[in-house]
Amino acid sequence: MKEMSRERQGSLAGAVGIGTNILLFVIKLLAGLLSGSVAIMADAVNNLTDSGSSIIMLVGFRLSEKPADREHPFGHARIEYLCGVIVSFIVLFLGLELGRTSFLKILSPEKAEFGPIALSVLVISILIKLWLCLFYTRVGKRIDSGSLLATASDSRNDVISTGVVLLGAIITRLTSLNLDGFLGLIVAAFIVISGVKLIMETADPLLGPAPKRELVRGICEKIRGYEGIIGIHDLTVHSYGQGRTFASVHCEVPAEEDILISHDLIDNIERDFLEQEGIHLVIHLDPVITCDEKANELQKKVLEGVKALYPQGALHDFRVVWGVTHSNVLFDVAVPFSVKDSDQQVKERVTRAVEALDPAYRAVLAVDRVGVVNELED
């Protein structure tokens, strides 16, 4: 199975889920009819709904394989994220429905006869669902699929809910006490909480979360490893599904270098990232004057002032236009989102720090907000 493509592994997992849940629906429905247990028949309908979730997942993996087109130039891989959200809402709906059914059972308890066949079906169902949960989890982690992991959580919830039905059946058989409704409410609360968490987790990729710190650090270290790159900033990473990562970054190169040589270097970096990392990288070339010792010394002092105000701050695009009565000091200051000061407050505080170095300096700066600053400067 490891030799299969990611999409084929996901499709196979979906097909296994469809077949397994339909089988469980049939045997549970028969057991429910024989025993007269509404709880078992409700659990059977739950499995039928799970087969619908597996169909959604299977369709999602198939559609995510579609190549890019005019309407979707970055491909269709995000459909998998959408399917994960749909499955999560199904989990939430089932939890609410189970809670409603359990409450009605408390108000109007129904007597059922749980014979050996019904109990055996419940035990077998728990074992099959436990295997299915482990199967989904293993494949989901291997191919890093949020929708598969969401379905694994749904299967885990089924193990618990069927276990509660089995527990209630045993208690009813031994003591004649009917606790189905109360136990069902507890399970329903667990499933609802799980559904809300799944919705938040599966919807996150659609909202465009910040890239993982390890990915940012890896990109920065790799770019810095190329001779001729003296600094990087404004790194942006977008994910359009597994294996479809796009990024852009500004790379500083010596202004004294031949522009054709620098452009060739940028082309090589972009090609290497696509071939070696699978990342579509676009680089903006920023020429930096490195032979102006006076400007370099001033940059160090300005950076020290920024660090005193914001320890995680960084500078980029620094240059100086020297004049007779005053000199314009132009740069961007990058601070993390955790800084509570507004952009205007950051600008005012940094401006005062620059003017404190020399009243003839006039700061002309822009403020960048970044999620990770430490990886972008040393």
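How many cavities of 30 Å³ or more does a search of the whole structure find? In this predicted model, the search returns one such cavity, and the space inside the largest cavity amounts to about 30 Å³.

The lining of the largest cavity is made up of Asn 21, Asp 50, Ser 53, Ser 54, Lys 129, Leu 132, Tyr 136, Thr 151, Asp 154 and Ser 155. At least two of the lining residues are supplied by each of three helices, namely H2 (38–64), H4 (116–143) and H5 (146–175). When the lining of the largest cavity is divided by class, five residues are polar and three are charged, while two are nonpolar.

Of the elements involved, E4 contributes the largest share, with seven residues. In terms of residue class, the lining of the second largest pocket contains 16 nonpolar and 11 charged residues, together with six polar ones.

Taken by class, then, the lining of the largest cavity has two nonpolar residues, whereas that of the second largest pocket has 16.

Note on methods: Residues are numbered from 1 along each chain as its sequence is written. This is a predicted model: local features need pLDDT of at least 70, side-chain atom pairs count only at pLDDT 80 or more; totals for chains, interfaces and linings use all residues. Side-chain values use heavy atoms; hydrogens and water are left out. On a 1 Å grid over the protein atoms alone, a cavity is a set of points where a 1.4 Å probe fits but cannot get out, and a pocket is an open set with protein on both sides within 12 Å along at least five of seven lines; lining residues have an atom within 4 Å of a point. Grid points are joined across faces, edges and corners, and a volume is the space filled by probe spheres set on the points. Helices (H or I, at least four residues) and strands (E, at least two) are DSSP runs, numbered from the N terminus. Ala, Val, Leu, Ile, Met, Phe, Trp, Tyr, Cys and Pro count as nonpolar, Asp, Glu, Lys and Arg as charged, and the others, Gly among them, as polar.
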